[in-house]
Amino acid sequence: MSGKVALVFSREFAAYSFGPFHPLRPERQILTYELIRELGLLDNQNVSVLMPRMATMDELKLFHTQEYIDRVKEKSELGYGYLDYGDTPATKGIFEASALRVGATITASKCVAERKFTHAFNFSGGLHHARSSAAAGFCVFNDIVIAVKYLKKNFNVKKIAIVDIDAHHADGTQEAFYDDPTVLTISFHEDGRYLYPGTGFIDEYGSGPGIGYSVNVPLPPKTFDDAYLYAFNAVVPPLIEFFEPDIIIQQFGVDTHYTDPLTHFALTTKTYEKIAEKMHELAHKYSDGRLIVVGGGGYNPEATARSWTIAFATFLGFKFPRETPEKWRKLCEKYGVEPSKYLHDEKMPEIVEVRKEIVFNRVEKVVEEIRRTIWPFLF
Ligand SMILES: [Zn+2]
Ligand SMILES: [Zn+2]
């Protein structure tokens with residue numbers, strides 16, 4: 001059940017940097033690639049590594065305004081100030097680095113649309129906060145929105161589902177397709193009352209012809225593996241079965257990991273493996289296998305590299321060794337990152353039973369409310 005798998009990668013991805021003191025650590029891209037390579041996953045005959053190119057001006061304009069693109073370009077040349085109100089600095093070369101990440105998601109989309117590959121990964125993508133005329137939350141250009149528009153324009157793809165599991169609400173992506181019934185957006189995230197950007201409530205379910213096609217799953221802090229998977233399995237499979245997308249794009253942000261310094265989830269790598277398994281199965285069942293996976297958040301670089309590697313490897317039916325390769329651990333140390341000896345988390349987050357019960361109850365209520373509010377529009 002696999003087919004050919006593409007990994008889009010360039011060492012230039014590390015140029016998407018907001019400076020040494022910013023929580024987004026660009027070396028996580030290199031650490032992911034090297035872990036994948038050290039584990040021998042690139043030796044698999046179904047796997048190819050594709051070099052990305054920068055997105056063209058016309059491609060950026062599929063979503064962003066000319067004025068905003070020019071502003072990013074100008075500030076990128078100057079190399080100081082901010083692209084938004086203080087989260088996303090304007091570093092030198094950020095225009096080119098951002099355009100490369102969009103180009104990488106386009107490369108992944110193109111090879112899947114042309115059926116040269118069944119699944120394609122670009123862990124440098126997933127910049128879901130960017131708006132048509134504004135940067136936001138470390139995101140300069142929204143590669144997901146651009147990819148959807150690119151696929152519709154160049155390959156006449158009719159229906160696309162976006163499943164976003166980043167800890168933060170996919171606000172930029174949601175806004176772009178809010179009234180569009182041909183793009184189903186599903187966002188799992190930490191409840192907006194506790195985390196940036198403060199949106200993504202269940203009653204944001206789309207407008208006009210798009211009513212019901214914007215699905216938000218706001219989860220409480222400390223949502224742990226079983227509670228998360230309960231919500232995921234209750235919401236995603238029925239929606240994908242109903243929608244029958246031609247292509248699925250998954251934003252695989254892993255800032256839901258229990259060690260993530262910016263958020264309050266309690267997930268382990270086991271959940272990422274389960275999600276990858278489920279998405280793989282759904283893609284083969286409903287979208288002829290066609291699935292594009294992009295990255296997203298993840299602010300503990302070593303946990304992010306392990307999580308994305310596990311997601312990638314799951315698509316290949318890979319048998320995981322217990323330990324991480326020594327060479328990779330040395331590379332982590334070189335970057336000043338303390339590596340895990342084990343590929344999967346072996347230490348679990350500590351949550352007392354009473355708290356678990358409270359969290360699970362709240363997650364069940366969220367699922368109930370989604371069924372009550374959104375299902376009637378669709379089923
Ligand atoms: Zn497959
Ligand atoms: Zn995030």
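1. Which residues line the largest cavity? In this predicted model, the lining is made up of Ile162, Asp164, His169, Ala170, Thr173, Gln174, Thr185, Ile186, Ser187, Ser214, Val215 and Asn216. The volume of the largest cavity comes to about 70 Å³, and a search of the whole structure gives two cavities of 30 Å³ or more.

2. As to where that lining comes from, at least two residues each are supplied by β4 (160-164), α6 (171-176), β5 (183-190) and β6 (214-219). By class, the lining of the largest cavity has seven polar residues, four nonpolar ones and one charged one.

3. The second largest cavity holds about 50 Å³ of space, and its lining consists of Leu7, Val8, Phe9, Phe13, Gln29, Thr32, Tyr33, Ile36 and Phe123. Two or more of these residues come from each of β1 (5-8) and α1 (27-38), with α1 giving the most, namely four residues. The lining of the second largest cavity divides into seven nonpolar and two polar residues, with no charged residue.

4. About 240 Å³ of space lies in the largest pocket, and 25 residues line it, of which His129, Gly137, Phe138, His168 and Tyr299 lie nearest its centre. The lining of the largest pocket counts eleven polar, nine nonpolar and five charged residues.

5. Which residues coordinate the zinc ion (ligand 2)? The donors are Asp166 through OD, His168 through ND1 and Asp255 through OD, at 1.9 to 2.1 Å, and along the chain they follow the spacing D-x1-H-x86-D. Aspartate 166 has a relative accessible area of 2% and is therefore buried, and histidine 168, with a relative accessible area of 7%, is buried too. Histidine 168 is also among the residues that lie nearest the centre of the largest pocket.

6. The aromatic contacts deserve a point of their own, since a pair of rings is described by the distance of the centres and the angle of the planes. The structure holds 23 aromatic pairs. In one of them, the ring centres of phenylalanine 138 and tyrosine 299 are 5.8 Å apart and the planes stand at 80°, which is over 60 degrees, so this pair counts as edge-to-face. Because phenylalanine 138 lies in the loop between β3 (119-122) and α5 (143-155), while tyrosine 299 lies in the loop between β8 (291-294) and α9 (301-314), the pair ties together parts that are 161 residues apart in sequence. Phenylalanine 138 is buried, with a relative accessible area of 12%, and tyrosine 299 is buried at 11%.

7. Another pair is formed by phenylalanine 188 and tyrosine 228, whose ring centres are 5.8 Å apart with the planes at 40°, so the pair is tilted. Phenylalanine 188 belongs to strand β5 and tyrosine 228 to helix α7 (residues 225-243), so the contact ties together parts that are 40 residues apart in sequence. Phenylalanine 188 counts as buried at 0% relative accessibility, and tyrosine 228 is buried with a relative accessible area of 1%.

8. Phe121, Phe123, Trp308, Phe312 and Phe315 form one aromatic cluster, and Phe123 is also one of the residues that line the second largest cavity. Charges over rings can be checked at two places: lysine 159 lies over the face of phenylalanine 243, at 5.5 Å from the ring centre, and the charged end of lysine 334 sits over the ring of tyrosine 335, 5.8 Å from its centre.

9. Where does the backbone call for a second look? The peptide bond from tyrosine 196 to proline 197 is cis, with omega near 0°, and proline 197 is placed in the loop between β5 and β6. Phenylalanine 138 has a phi near 70°, a positive value in a residue other than glycine. Asparagine 156, which is not a glycine either, has a positive phi of about 55°; asparagine 156 lies in the loop between α5 and β4 and counts as exposed, at 52% relative accessibility.

Notes. Residues numbered from 1 in each chain as written. Chains lettered and ligands numbered in written order. Predicted model: local features only at pLDDT ≥ 70, side-chain atom pairs only at ≥ 80, totals over all residues. Heavy atoms only, no water. 1 Å grid on protein atoms, 1.4 Å probe; cavity = no way out; pocket = protein on both sides within 12 Å on 5 of 7 lines; lining within 4 Å. Points joined across faces, edges and corners; volume = space filled by probe spheres on them. Nonpolar A, V, L, I, M, F, W, Y, C, P; charged D, E, K, R; others polar. Phe/Tyr/Trp six-rings, centres within 6.5 Å; stacked < 30°, edge-to-face > 60°. Buried < 20%, exposed > 50% of the residue type's maximum accessible area, 1.4 Å probe, protein only. Lys NZ or Arg CZ within 6 Å of the ring centre and 35° of its normal. Donors = N, O, S within 2.8 Å, 3.2 Å for Na, K, Ca; no water.
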